[in-house]
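Dear colleague,

Please find the structure below, together with its sequence. My notes on it follow.

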Amino acid sequence: MSYNKPEWLTKYPTEIFMGINGPKLDAYALALEGWRRGLTLKWHSKDLPAFKEMTTWYVDRPGQLFSLADHEKEHFFFRTRGDLVSNQAVEIGADKATTKRYLEKANVPTPKGKKFNGEISNQEIIDYAEKLGFPLVIKPIDGSFGEGITANISNISEFTETLKYTRHQQNYKNIIVEKHITGEDYRLYVVGDQVVSAVHRTPPYVVGDGKSTIKKLIKIKNKKRLANPHLASRLIDIDREVINLINRSGYTLKSILKKGEHLLLRSKSNLSAGGDAHEKLDQLNDRIKSIAVEAVKAIPELHHGGVDLIIAQDQSYATVIEINATAHIGSSLFPGEGKAKDVPAAIIDYYFPESIKESQDSPIVYFAYKEKLSLLANDSLQSITVLEPPVGQLEKTTYRVKGKVTSRRYQSKIKNWSLAQSNLSGYLVKKSRRVIEVVVVTNKQQTLDQFESILESASNQVTVEKYKNVDDNKPVKVGFSIMRESKLIWELKQKRYKYQFIRFILTGIEGINYLFQSKFVSKIFKRRKETGN
């Protein structure tokens with residue numbers, strides 16, 4: 001197996017996802033897609049009544065709860081899960097034994113097995129395992145991220161030891177024992193009747209180049225992961241497990257693999273431990289996809305979610321292992337290999353089908369994810385509304401303005417006029433002592449004509465050069481800003497996904513800034529309460 005460069009979607013540029021990890025990346029991508037279509041986007045705190053009725057978790061800090069609305073309806077979302085998905089569906093998916101029961105009832109293929117609660121003795125479980133036959137899997141009923149699961153247990157002695165370890169050392173009293181299914185690990189994302197993504201998950205591996213040591217190959221692989229917003233916080237650590245597996249393969253960290261030689265570094269395909277995710281929807285047959293769709297239909301009021309399957313290499317069979325009503329979609333948007341799939345667009349299509357006509361890929365307008373979330377950290381605010389973007393047929397224009405253009409008065413006149421326009425976004429950046437560059441995106445030629453008049457009338461000693469649709473894939477933040485960011489911070493951000501220590505520095509700075517803003521805003525609201533204003 002060799003490395004193939006992934007094809008990511010230009011509408012989700014990596015730079016706007018900098019420092020946004022895990023479920024927050026999922027929420028941002030989904031919110032961004034709806035917002036770009038002209039839907040009203042609001043971020044909410046956990047205290048909003050709508051979310052009191054929705055099953056959520058780990059939402060003390062804002063950024064995972066939001067709503068989208070048009071002129072007729074409003075839907076609330078927790079990460080990738082919308083309010084059409086019932087709490088019952090979430091609870092069924094969280095309990096592996098209950099999930100298995102619903103799948104079996106709908107004749108969806110799932111491994112043969114049985115649930116055992118904490119009151120059942122180890123001996124009774126061992127007796128069942130012998131009757132079921134090996135190889136087997138032991139997994140907790142309510143575990144997640146692969147925690148507590150031991151697969152491919154081949155004999156009774158190994159089963160007994162694993163059972164004791166799982167129930168007494170890991171403290172998973174309630175477990176499932178089921179047949180081990182041989183095949184490839186996949187996560188398919190289903191929306192309605194359609195499979196919109198199929199991520200093939202593999203254990204972390206390296207491929208030899210004939211000259212680099214295994215340690216150097218891991219370093220190279222981690223550098224690639226740092227360039228991936230979804231994997232940047234999930235690097236391959238060279239721990240005891242990795243070293244042991246390398247040694248069992250007859251190598252050391254200093255060994256040099258032959259060109260094209262493939263070496264596994266772990267036994268589990270867990271992304272958080274360095275596992276790989278390859279998008280392979282286009283390679284799956286319709287029969288496999290139909291199994292995933294039927295699995296979602298088997299769960300009442302699920303509508304959309306992730307389906308974990310074990311699929312035979314020749315695709316002759318597929319078995320559903322789990323269902324996740326709040327599934328991550330980062331691997332679909334930023335796969336390690338393969339062509340990215342637009343899961344956010346599919347979800348928004350399902351909730352707001354009339355908004356499909358407003359879907360757009362370019363020019364790219366975005367809102368800064370972290371910019372106003374700190375406002376929700378105090379008890380006085382439950383919701384904030386994100387500034388609406390220009391929507392429809394957008395056009396991007398770049399102006400190079402020369403002359404007396406670097407004064408604050410001239411630049412402020414441009415900014416103030418631009419901010420007053422609801423259908424224009426852009427930025428101004430100083431290029432030299434007498435040159436600025438202005439980039440704007442709008443959906444109306446009349447607005448563009450007026451903007452050009454402002455550029456020329458703000459000072460009588462300027463010349464304006466105009467360029468249409470230059471670099472459409474470079475994102476433009478909603479509103480209008482004058483870019484005066486520190487050159488050092490700007491250079492650090494460009495290298496954020498190249499060096500891990502820079503990512504740590506920037507994440508720390510952003511965290512401190514978030515806390516400062518949160519405390520500052522809280523003090524203001526507290527002072528207003530005390531004064532009665």
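The model holds 1 cavity of 30 Å³ or more. A cavity here is a set of points, on a 1 Å grid over the protein atoms alone, where a 1.4 Å probe fits but cannot get out, and lining residues have an atom within 4 Å of a point. Grid points are joined across faces, edges and corners, and a volume is the space filled by probe spheres set on the points.

This is a predicted model, in which local features need pLDDT of at least 70 and side-chain atom pairs count only at pLDDT 80 or more, while totals for chains, interfaces and linings use all residues. Residues are numbered from 1 along each chain as its sequence is written, and side-chain values use heavy atoms, with hydrogens and water left out.

The cavity

Helix α4 gives the largest share of the lining, 3 residues; helices (H or I, at least four residues) and strands (E, at least two) are DSSP runs, numbered from the N terminus.

Helix α4

Within α4, the residues Lys-96, Ala-97, Thr-98, Thr-99, Lys-100 and Leu-103 are buried, that is, under 20% relative accessible area with a 1.4 Å probe, protein chains only. The buried residues of α4 pack against α3 (87-94), β5 (113-116), β6 (136-140), β8 (175-179), α9 (286-298) and β15, where contact means heavy atoms within 4.5 Å. At the start of α4, the backbone nitrogen of Ala-97 lies within 3.0 Å of a side-chain oxygen of Asp-95. Asn-107, which follows α4, has a positive phi near 60 degrees.

Helix α1

Of the 15 residues of α1, 13 are buried, so this helix is largely enclosed by the rest of the structure. Just after α1, Gly-38 has a positive phi of about 95 degrees.

Thr-442

Thr-442 belongs to strand β20 (residues 435-442) and counts as buried because its relative accessibility is 3%. A polar atom of the Thr-442 side chain lies 2.7 Å from the backbone oxygen of Asn-423.

With kind regards

Note on methods:
Buried means under 20% relative accessible area, exposed over 50%, partly exposed in between (1.4 Å probe, protein chains only). A polar contact is a pair of N or O atoms within 3.5 Å; within protein, one must be able to donate a hydrogen and the other to accept it, and residues adjacent in sequence count only if both atoms are side-chain atoms. On a 1 Å grid over the protein atoms alone, a cavity is a set of points where a 1.4 Å probe fits but cannot get out, and a pocket is an open set with protein on both sides within 12 Å along at least five of seven lines; lining residues have an atom within 4 Å of a point.
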